[in-house]
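This report covers strand pairing, salt bridges and surface patches. Please look at the structure first.

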Amino acid sequence: MADASGARLLLARLALQNLGRRRIRTGLLVAAVALSSAIAFAGAVIMRSIESSMSVGFSRLGADLMVVPLDALTHLTAALLVVEPSDSTLPADLLATGKAPGIARAAPQRVLRTDRSGIGTHGESVDLIGFDPLDDFTVQPWITERLPGAMGPRDVIVGSARTARLGTELVLFGTPFRVYGKLSATGVGTHERGIFLSSNSLLALAPAIQTQTGTLPPMLRPDRVSGFLLQLAPGARELQVRFALLSHHPQIKVVAGGSLLTGIRQGLSALLSGAVVLVALMFGSTAVMVGVLFSAIVSERRAELGLLKAIGARRGQIIGLTVLEAMMATAAGGVFGVVAGALLLRLFERSLVFHLTQMGVPFLWLDRLDMALSAGLCLVAAALVGMVGAFIPSLRASRREPYDLVRGDG
Amino acid sequence: MLICEGLSKTYDTDRGPVAAIRGVDLTVNAGRYAAIIGRSGSGKSSLMAMIGGLSRPSAGCVKVAGTDLWSLGADARARFRARNIGYVFQFASLLPTLRALDNVALPLLLDGRGQGARERAAALLEEMGLGAHLDAFPSEMSAGEQRRVVIARALVGDPVLLLADEPTSDLDEETEREIMGLLERANRARGTTLVLVTHNLALAAQAEQVIQVADGAVAP
Ligand SMILES: Nc1ncnc2c1ncn2[C@@H]1O[C@H](COP(=O)(O)OP(=O)(O)OP(=O)(O)O)[C@@H](O)[C@H]1O
Ligand SMILES: [Mg+2]
């Protein structure tokens, strides 16, 4: 019905005009809601970005335990990405026989530090890391760029500090390889310049390495490896696995690093749910504030509301007029809030995220769709705040007899 | 046309109940001009509010054009008011944010009869001699002009009953005569039943029927 929409249009106009009557009051209301929405929007986006960044980070940090020879040096900040280079080795089948319970995955690695690879000017020390692409769960998650297709025997992956472009040729001990992929910054210097290739490809280089260096490094023997990276099965306790390993193999060292990260992860999720509660409380208190404000506004205007009722406004129209007025203000607050929140995010990107990225900590922004969804949710919440806040006062006014309202008492 | 039976109104106050109207019976025939007179505090406004469907009686009933007002639901009563009753209140009663034209068209718009509402409002304002003030806000008009806008609004829905509660008490004599002239013309030319509350006995003398209220009851 065109006429009913005419009535609605009129109410919308009245609501808008009412907002214009007290510019400062309206402005303060809009500002209060904008503040909550800005915090809610920016907070939600940052929190969810951190959460997803962390979960990517955690999946990249893969290993819970590292098994290395007893006399090997270990570098804890290496974040259990690769085994440290050393001349001590372990038997390649160490974990194959009587594989300890509680281990989900075991990735053997061969790490050779050499200054004769033929890369760069004379004497550049390079870590060649041989891993098993099928068993690996610590190297490949860090790949940021790669060529299409699976990694082949003549392919290498280079650390982030290497400038070699994808698809270009890299000669190791006289054998040409193709740069297949590139890792993102890991934050560990030796890895940034490392060259990663499959164990078999590394073993195939053994004769050339032997002729060039005069010796055969021990980890280049097919039955030896530098160490293993382990991932615990769900529910397995680190301490038990470590104990089981050590009791079977006295010549090894087991290095852990996962429990700290697990702690961080748990702390973060507690922080996130705390933030959600805080945001909900903030919107709740804004709704209460709107309620207080609008019960004052309704009593200030009760003569007008009474007049409207007297000349035929129905209860729904009285409620609609007041609730609409509140929702227009709070929704406008929501819009300003989202805009302000977006500016906050920019600021955050320029400062903290920039530093994090510099430090090699990955920060992934929430994708556009989720960001738009968060903004939409904030807008809806802001509008709801107005609706909920103004509903009770307007309901009470709508129930009064017009004459009582018009007389202006009570 | 207008029938009240056993109409009573008791206000609950902090100092106990106040009986403002006590068992009023009255009848005003269709198209008549009736004046309600009585001292201040006698209950005239309370009676008018019940007649107009604005204040629920403590007892009794009000029938306007055969409809028992207080047996209707709140929304049905609101609709009935919009379609059948016009009010001219004792006080300024225009919405300050709306121009004269929109104030007059308001009852039709609220009732979902927006088609042609503004044209009708404009015609009525012309009739009231306010053709030059269609776009004026209430604050830009004199008290007499505002009162004429209120009368135009009361008439815009073509009501069968026009209620005016001391519409001229705050106006000078000349303006009072103009306003009364407009109300009487509506009564005579449109056949609208007019019920007027007044202190002014000279005004009451013009009416076809005089209802005297004293201490909440109608004097015989
Ligand atoms: N809402 C109310 N609550 C309590 N008492 C009321 C209320 N409205 C009116 N009264 C009382 O009812 C009585 C009648 O009031 P009413 O306003 O109907 O008188 P009136 O004849 O219109 O007076 P006036 O000529 O001054 O307008 C008065 O004693 C008044 O104090
Ligand atoms: Mg009165």
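Helices here are DSSP runs of H or I with at least four residues, numbered from the N terminus. By that rule, A:Val335 lies in helix α9 of chain A. The model is a predicted one.

**Surface patches**

A:Val335 is partly exposed because its relative accessibility is 43%. Together with A:Val339, A:Leu343 and A:Leu379, A:Val335 makes a nonpolar surface patch of about 330 Å². Helix α9 (residues 315–358) of chain A contributes most to the nonpolar patch, with three residues.

Chain B carries a patch of another kind. Negative charge gathers on the surface at B:Asp172, B:Glu173, B:Glu174 and B:Glu178. Of these, B:Glu174 belongs to helix α6 (residues 173–190) of chain B.

**Strands**

Strand β1 (residues 65–69) of chain A is mostly covered, with five of its five residues buried. β1(A) pairs antiparallel with strand β12 (residues 252–256) of chain A over five bridges. There, A:Met66 faces A:Val255. β1(A) also pairs antiparallel with strand β11 (residues 227–232) of chain A, over three bridges. A:Leu65 has A:Leu230 as its bridge partner in β11(A).

Chain B has an open, antiparallel sheet of four strands, in the order β2-β1-β4-β5. Its edge strands are β2 (16–28) and β5 (67–68) of chain B, each pairing on one side only. Strand β1 (residues 2–13) of chain B runs antiparallel to β2(B), joined by nine bridges. B:Lys9 stands opposite B:Ile21 in that pairing.

**Salt bridges**

Over all chains, the structure holds 19 salt bridges. Three of them are listed here.

| A:Glu401 | B:Arg56 | 3.8 Å |

Where does the pair of A:Glu401 and B:Arg56 cross between chains? A:Glu401 sits in the loop between α10 (368–399) and α11 (402–407) of chain A, and B:Arg56 in the loop between α1 (44–51) and β4 (59–64) of chain B. A:Glu401 is buried at 18% relative accessibility, whereas B:Arg56 is partly exposed at 38%.

B:Asp111 lies in the loop between α3 (100–110) and α4 (117–127) of chain B and B:Arg83 in helix α2 (residues 74–84) of chain B, so the pair ties together parts 28 residues apart in sequence. B:Asp111 is buried at 6%; B:Arg83 is partly exposed at 37%.

Shared partners join B:Arg120, B:Glu127, B:Asp158 and B:Arg190 into one network of salt bridges.

Methods. Residues numbered from 1 in each chain as written. Chains lettered and ligands numbered in written order. Predicted model: local features only at pLDDT ≥ 70, side-chain atom pairs only at ≥ 80, totals over all residues. Heavy atoms only, no water. Patch = residues over 30% accessible without salt bridge, like charges linked within 9 Å, V, L, I, M, F, W, Y side chains within 5 Å. Areas by Shrake-Rupley, 256 points an atom, 1.4 Å probe, with all protein chains shown as cover. Salt bridge = Lys/Arg side-chain N within 4 Å of Asp/Glu carboxyl O. Lys, Arg positive; Asp, Glu negative; His and termini not counted. Charge placed at Lys NZ, Arg CZ, Asp CG, Glu CD. Helix = DSSP H or I, 4+ residues; strand = E, 2+ residues; numbered from the N terminus. Buried < 20%, exposed > 50% of the residue type's maximum accessible area, 1.4 Å probe, protein only. Pairing = 2+ DSSP bridges.
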